[in-house]
Amino acid sequence: MSSTITTSSLGYPRIGRNREWKKLLEDFWSGKISEEQLRAGMSGLQLQHLKTQQQAGIELIPVGDFTFYDHVLDTAAMFGVVPPRYGYDGGEISLELYFAMARGSAGATACEMTKWFNTNYHYIVPEIGEQTPVLTANKPLAAYRFAKEQAGIEGKPVVLGLYTFLKLSKGFPAADLAAVAERFLPVYIQLLQELKQEGVAWVQIDEPAVVTGLGAEDITLLERIYETIASRVPGLKLLLQTYFEAAEPLEALLNLPVAGLGLDFVHDGGANLESIRQLAWPADKWLGAGIIDGRNIWRSDAAAKLELIRELRAFVPDGQLILQPSCSLLHVPVSVQGEDRLKSTVRNAIAFADEKLAELSLIAAAAADGQDRYAAELAENREALSLFRALPERGRGDVAEQVRRLQQLPDSRSLPFAERQKVQRDKWQLPLLPTTTIGSFPQTAEVRQARLKWRKGVWSQERYDAFVRKQIEDAIAFQEELGLDVLVHGEFERTDMVEFFGEKLAGYLFTKGGWVQSYGSRCVKPPVIYADVAFVEPMTVMESVYAQSLTRLPVKGMLTGPVTILNWSFVRDDLSREAVANQIALALRQEVEALEAAGIEMIQVDEPAIREGLPLKAEDHEHYLNWAVRAFRIATNPVKDTTQIHTHMCYSEFNDMIDSISAMDADVISIETSRSHGELIVSFEEQEYDKGIGLGVYDIHSPRVPDTREMTASIERALRVLDAGQFWINPDCGLKTRGWEETAAALRNMVEAAEQVRKAV
Ligand code: GLN
Ligand code: ZN
């Protein structure tokens, strides 16, 4: 390739084509393989990933991004940041300690885990204490040597930047950020000096935290960090890498004394290019241009990318342009090669990590050497995309027309909540503090095996349906026996709360091997929205109606909400997320209508993922919440006043969005209360939340059976804050991961707790 454009990769998926990485880890944890075998297997994978990138023609190949669990945990471990409860007293971090921090051990609970920016990847939160950081091992250096020795690759070490590392950590007051940074600067300098001594040319310093918004103090801190590094490690070329959003103010970042700046030109809403147009690009600075979408699975439009490159070259001095994916490819699956079940028009429009690297090489070559030399490849790209775009299911007139009409309808229910509440009280005649559950009951091995037999065609539809009916019968009898007030059918027919609906709606496809890492060895295979989403036929009516036929108590219908379905899928990128959410909302609205028409008049529409869709920049939150709330309302508002809409959200960080939750206008929302010790209820009170609240009085994530006293305490705490008439009593999430025995014991205690409190008020 011509020397004027360089190609780079920011990180490669760890999991392997067939999730070999997961298997190695889980085999090690369960004692099936030794540490030596684990290390050998991991080295093999690491080498394979390096070679794959090399063969794809990538020039700056990342090293040090590979990990045994999580790259943030690696960084903490590298600097000896270990919480005191693990009894660590210096030296190299053993594998045992490393995994104990990730997963907990007999003596110490695991470190907290949270979402990596707005992705579905979760990192281990470093707990920074008083200790003086030390460089316990130089992981990027080891990875650099490995790549050089094993594959002759002159790698580009990837280091999590100090600013981002601290922003993602806990254990110190935010006001101390600059002081804590001073403590860590020496070890960062040592790490970089060792790289320089080794002869490393480029280092990728990941600083994604800068995209969440920079105040004056942040800029001062970044200056302090990078000026210190520049003076102590002169001559080492740092590429300060940002991603997931626009880097603003760009000027401040361009002023930092680093050799290059990496920007995301895919997820920045066009702002990065706009900033570059406004500013003069410094003559001595390299640009790492993230042009290939590292977050989604669609093939790039080569012509559009070439046009972008043409414009960037007008600003960036010749020879200082690096083309790269928008972020690490960690967020996309490995290879499309095994996807032989997809029709070719669709398959040819999908690119996973390997295909993205090939795309990058092609586009860079065409930009450097002239498009004529790659005419055939570029024509193939153009044709594949135009065939895909022309698929009739991607431009359905009927869907567009219905969504348009829906937008013109009012999005509210016919009566405001206060009046609905009266008619609903008359209709339902529920006791004070009604008890219920969140939807799913244990998905036992028997249930999973039955589904597998049916999927493989070993069981007929009739046989499988009869099996599910039997599960429902048992679940209804079980709930009646326990004395619950509002029942559920148990969700035995569902694998996953998004996949189940995806399989029944138009517009979805499912990959065979489209896995991505979610946390640790856990991978998810998000379904793909590739076309217009639309209702085909009732999805949940049969099971709900059957359950209702077995009891005189109310049975809740059970749906996943439009925003959660959206946020847990790979989504087509030619429409706005809002537009896709509206299509899903329209389809769910039809399901809600079908349920109501069939006599199901309590309907729960789960939205556990509503928070996950929040944009990274605070100024964009309102817009997102507005359309997200509206999608929920569209899905749920056609019902009668007496029909009761429930919703459920699992996590506790809703304090700052109670307005939006209220605007969803669900009659009842169930939330988690046991782990947050009722803090959330206080926020609801402060915001004068007046609708029903289901108190998640026990943590379903633990097999422990909580006793009645714990639950009455949690209920009483809530009653001190808000009126008893507002509350429902339930577990904090669905019970599908639990066993029947513990479920029975816990629910028995829960019903008992509700009865005790009822008597007391
Ligand atoms: N109704 C779903 C269940 O009970 C809700 C799951 C969730 O909130 N994640 O499984
Ligand atoms: Zn939940």
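Modeller: Let's start where helix α13 stops: just after it, Gly-370 takes a positive phi of about 100°. Keep in mind that this is a predicted model.

Biologist: How do you know that the span of α13 agrees with what a helix should have?

Modeller: Helix α13 covers residues 353–369, which is 17 residues. At 1.5 Å a residue they should span 24 Å, and the end C-alpha atoms are 24 Å apart, so the two agree.

Biologist: And why is α13 called largely enclosed?

Modeller: Because twelve of its 17 residues are buried. Among them are Leu-357, Leu-360, Leu-362 and Ile-363, but also Asp-354, Glu-355 and Lys-356. The elements that the buried residues of α13 pack against include β1, α2, β9 and α14.

Biologist: Which residues with a positive phi are not glycines?

Modeller: Asp-665 is one of them, with a phi of about 65°, and Glu-688 is another, at about 55°. Asp-665 is in the loop between α24 and β19, while Glu-688 is in the loop between α25 and β20.

Biologist: Why is Asp-665 called buried?

Modeller: Asp-665 has 20 other C-beta atoms within 10 Å, and the label needs 20 or more, so Asp-665 is buried.

Biologist: And Glu-688, buried or exposed?

Modeller: Glu-688 has 9 other C-beta atoms within 10 Å. The exposed label applies at 12 or fewer, so Glu-688 is exposed.

Biologist: What makes the peptide bond from Glu-248 to Pro-249 worth a label?

Modeller: That bond is cis, with omega near -10°. Pro-249 is in the loop between β7 and α9.

Biologist: Now the annotated positions. Which residues does the UniProt annotation "binding site" cover?

Modeller: The unreviewed UniProt entry lists His-648, Cys-650, Glu-672 and Cys-733. Although spread over 86 residues of sequence, they cluster in space, and the largest C-alpha distance is 9.1 Å.

Biologist: How do you know that His-648 and Glu-672 are buried?

Modeller: By counting against the cut-off of 20 or more. His-648 has 27 other C-beta atoms within 10 Å, so His-648 is buried. Glu-672 has 25 C-beta neighbours inside 10 Å, so Glu-672 is buried too. His-648 is in strand β18 and Glu-672 in strand β19. Beyond its sequence neighbours, His-648 is in contact with residues including Ile-438, Gln-604 and Pro-608.

Biologist: Which residues are closest to ligand 1?

Modeller: The closest of the 13 residues around ligand 1 are Ile-438, Gly-439, Ser-440, Pro-608 and Gly-734. By class, the shell has six nonpolar, four polar and three charged residues.

Biologist: Why is Tyr-508 called partly exposed?

Modeller: Tyr-508, in strand β11, has 19 other C-beta atoms within 10 Å. Tyr-508 and Val-533 are 25 residues apart in sequence and 7.1 Å apart in space, C-alpha to C-alpha.

Biologist: Last one, for the whole protein: how do you know that its radius of gyration agrees with a compact globule?

Modeller: With 761 residues, a compact globule would have a radius of gyration near 27 Å, and the protein has 27 Å, so they agree. The protein has 27 helices and 21 strands, and buried residues make up 46% of its residues.

Key
Residues are numbered from 1 along each chain as its sequence is written. Chains are lettered from A and ligands numbered from 1 in the order in which they are written. This is a predicted model: local features need pLDDT of at least 70, side-chain atom pairs count only at pLDDT 80 or more; totals for chains, interfaces and linings use all residues. A residue is near a molecule or strand if its C-beta atom, placed from the backbone, lies within 6 Å of it. Ala, Val, Leu, Ile, Met, Phe, Trp, Tyr, Cys and Pro count as nonpolar, Asp, Glu, Lys and Arg as charged, and the others, Gly among them, as polar. Helices (H or I, at least four residues) and strands (E, at least two) are DSSP runs, numbered from the N terminus. The radius of gyration is taken over C-alpha atoms; the globule rule is 2.2 Å times the number of residues to the power 0.38. The expected span of a helix is 1.5 Å times one less than its number of residues. Two residues are in contact if their C-beta atoms, placed from the backbone, lie within 7 Å. UniProt positions are given in the numbering used here, feature names are shortened, and annotations may be inferred rather than shown by experiment. Lists of a residue's contacts leave out its neighbours within four places in sequence.
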